[in-house]
Amino acid sequence: KYSDPRYLNLQNAPEGFDITSAVVYPGFVTDEESKSLIKEASKRLKRRRFENGHWDSVITGYREVEMSTPDEVFSQNIP
(Lines give C-alpha, C1' and ligand atoms only; values in the text may rest on other atoms or scores of the structure.)
Protein backbone atom coordinates (compact mmCIF):
# COMPACT_ATOMS: atom_id res chain seq x y z
CA LYS A 1 0.00 0.00 0.00
CA TYR A 2 2.73 2.51 0.93
CA SER A 3 5.60 1.08 -1.12
CA ASP A 4 5.05 3.35 -4.10
CA PRO A 5 8.22 3.11 -6.24
CA ARG A 6 7.96 6.81 -7.11
CA TYR A 7 9.15 7.57 -3.56
CA LEU A 8 12.13 5.20 -3.56
CA ASN A 9 15.53 5.46 -5.19
CA LEU A 10 16.65 1.89 -5.66
CA GLN A 11 19.84 2.75 -7.53
CA ASN A 12 22.08 1.72 -4.60
CA ALA A 13 19.79 -0.86 -3.02
CA PRO A 14 21.38 -4.22 -2.33
CA GLU A 15 20.58 -7.13 -4.62
CA GLY A 16 17.35 -8.76 -3.55
CA PHE A 17 16.08 -5.67 -1.68
CA ASP A 18 12.39 -6.14 -0.87
CA ILE A 19 10.63 -2.96 -1.98
CA THR A 20 7.71 -3.76 0.31
CA SER A 21 10.02 -3.33 3.32
CA ALA A 22 10.27 0.41 2.61
CA VAL A 23 7.26 2.28 3.92
CA VAL A 24 6.49 5.83 2.80
CA TYR A 25 3.54 7.79 4.13
CA PRO A 26 2.77 10.57 1.65
CA GLY A 27 1.62 13.75 3.37
CA PHE A 28 2.84 12.57 6.80
CA VAL A 29 4.07 16.11 7.53
CA THR A 30 2.86 19.36 6.02
CA ASP A 31 5.14 21.65 4.03
CA GLU A 32 5.25 24.00 7.02
CA GLU A 33 6.21 21.19 9.41
CA SER A 34 8.85 19.97 6.97
CA LYS A 35 10.43 23.43 6.72
CA SER A 36 10.47 23.71 10.51
CA LEU A 37 12.16 20.32 10.93
CA ILE A 38 14.76 21.11 8.25
CA LYS A 39 15.52 24.48 9.85
CA GLU A 40 15.99 22.96 13.30
CA ALA A 41 18.04 19.99 12.08
CA SER A 42 20.26 22.22 9.94
CA LYS A 43 21.09 24.44 12.91
CA ARG A 44 22.06 21.46 15.04
CA LEU A 45 23.97 19.62 12.30
CA LYS A 46 26.22 22.64 11.61
CA ARG A 47 27.95 22.00 14.93
CA ARG A 48 28.44 18.27 14.30
CA ARG A 49 31.43 16.71 12.60
CA PHE A 50 31.11 13.97 10.01
CA GLU A 51 31.44 10.44 11.37
CA ASN A 52 33.56 7.86 9.50
CA GLY A 53 31.48 4.78 10.08
CA HIS A 54 28.24 3.55 11.54
CA TRP A 55 27.84 0.63 13.95
CA ASP A 56 26.29 -1.51 11.21
CA SER A 57 28.85 -0.50 8.53
CA VAL A 58 26.07 0.45 6.11
CA ILE A 59 26.67 4.21 6.04
CA THR A 60 29.83 6.34 6.16
CA GLY A 61 30.50 10.08 6.12
CA TYR A 62 27.36 11.06 7.98
CA ARG A 63 26.24 13.43 10.73
CA GLU A 64 23.47 12.68 13.17
CA VAL A 65 21.67 14.52 15.92
CA GLU A 66 18.91 13.65 18.34
CA MET A 67 16.01 16.08 18.36
CA SER A 68 13.10 16.82 20.62
CA THR A 69 9.72 15.39 19.85
CA PRO A 70 7.99 17.12 16.96
CA ASP A 71 5.49 18.83 19.28
CA GLU A 72 8.35 20.56 21.11
CA VAL A 73 10.10 21.56 17.90
CA PHE A 74 6.94 22.85 16.24
CA SER A 75 5.81 24.82 19.27
CA GLN A 76 9.14 26.69 19.21
CA ASN A 77 9.14 27.46 15.48
CA ILE A 78 5.54 27.80 14.36
CA PRO A 79 3.60 30.83 15.63
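The legends below describe close-up views of a predicted model of one protein chain.

Residues are numbered from 1 along each chain as its sequence is written. Because the model is predicted, local features need pLDDT of at least 70 and side-chain atom pairs count only at pLDDT 80 or more, whereas totals for chains, interfaces and linings use all residues; side-chain values use heavy atoms, with hydrogens and water left out.

**View 1. The protein chain as a whole has two helices and zero strands.** Helices (H or I, at least four residues) and strands (E, at least two) are DSSP runs, numbered from the N terminus. Of the 79 residues in the chain, 11% count as buried; buried means under 20% relative accessible area, exposed means over 50%, and partly exposed lies in between (1.4 Å probe, protein chains only). Accessible areas come from the Shrake-Rupley method with a 1.4 Å probe; for residues, only the protein chains shown count as cover. Among contacts with a separation of 6 or more, 28% are made by residues 24 or more positions apart, a contact being heavy atoms within 4.5 Å.

**View 2. Helix α1 carries buried residues on one face and exposed residues on the face turned away.** Helix α1 has 16 residues and reaches 22 Å from its first C-alpha to its last, close to the 22 Å expected at 1.5 Å a residue. The expected span is 1.5 Å times one less than the number of residues. Ser36, Glu40 and Ala41 are the buried residues of α1. Seen down the axis of α1, the buried residues fall within an arc of 120°, so they line one face of the helix; the arc is that of the directions from the helix axis to the C-beta atoms. The face turned away from this buried side carries the exposed residues Asp31, Lys35, Ile38, Lys39 and Lys46.

**View 3. Glu40 forms salt bridges with Lys43 and with Arg44.** A salt bridge is a side-chain nitrogen of Lys or Arg within 4 Å of a carboxyl oxygen of Asp or Glu. Side chains of opposite charge can pair when their charged atoms come close. The N to O distance between Lys43 and Glu40 is 3.4 Å, and the closest N and O atoms of Glu40 and Arg44 are 2.7 Å apart. Lys43 and Glu40 are three residues apart in helix α1 and therefore separated by about one helical turn. Glu40 and Arg44, being four residues apart in α1, are likewise separated by about one helical turn. An α-helix has 3.6 residues a turn, so residues three or four places apart point the same way. Glu40 is buried at 7% relative accessibility, whereas Lys43 is partly exposed at 42%.

**View 4. Glu51 and Arg49 form a salt bridge.** The closest N and O atoms of this pair are 4.0 Å apart. Glu51 is partly exposed at 23% relative accessibility, and Arg49 is exposed at 61%. The count for the model comes to three salt bridges. Those that share partners join Glu40, Lys43 and Arg44 into one network.

**View 5. Val23, Tyr25, Phe28 and Val29 form a nonpolar patch on the surface.** Together these four residues have about 430 Å² of accessible area. Patches are made of residues with over 30% relative accessible area and no salt bridge; like charges are joined within 9 Å, and nonpolar side chains (Val, Leu, Ile, Met, Phe, Trp, Tyr) within 5 Å. Val23 lies in the segment before α1 (31-46) and is partly exposed, with a relative accessible area of 47%. Val23 and Tyr7 are 16 residues apart in sequence, and their C-alpha atoms are 9.4 Å apart in space.

**View 6. Ala22 and Phe17 are found in the segment before α1.** Ala22 counts as buried at 15% relative accessibility, whereas Phe17 is partly exposed at 36%. Leaving aside neighbours within four places in sequence, Phe17 is in contact with Leu10 and Ala22. Ala22 and Pro5 are 17 residues apart in sequence and 9.5 Å apart in space, C-alpha to C-alpha.
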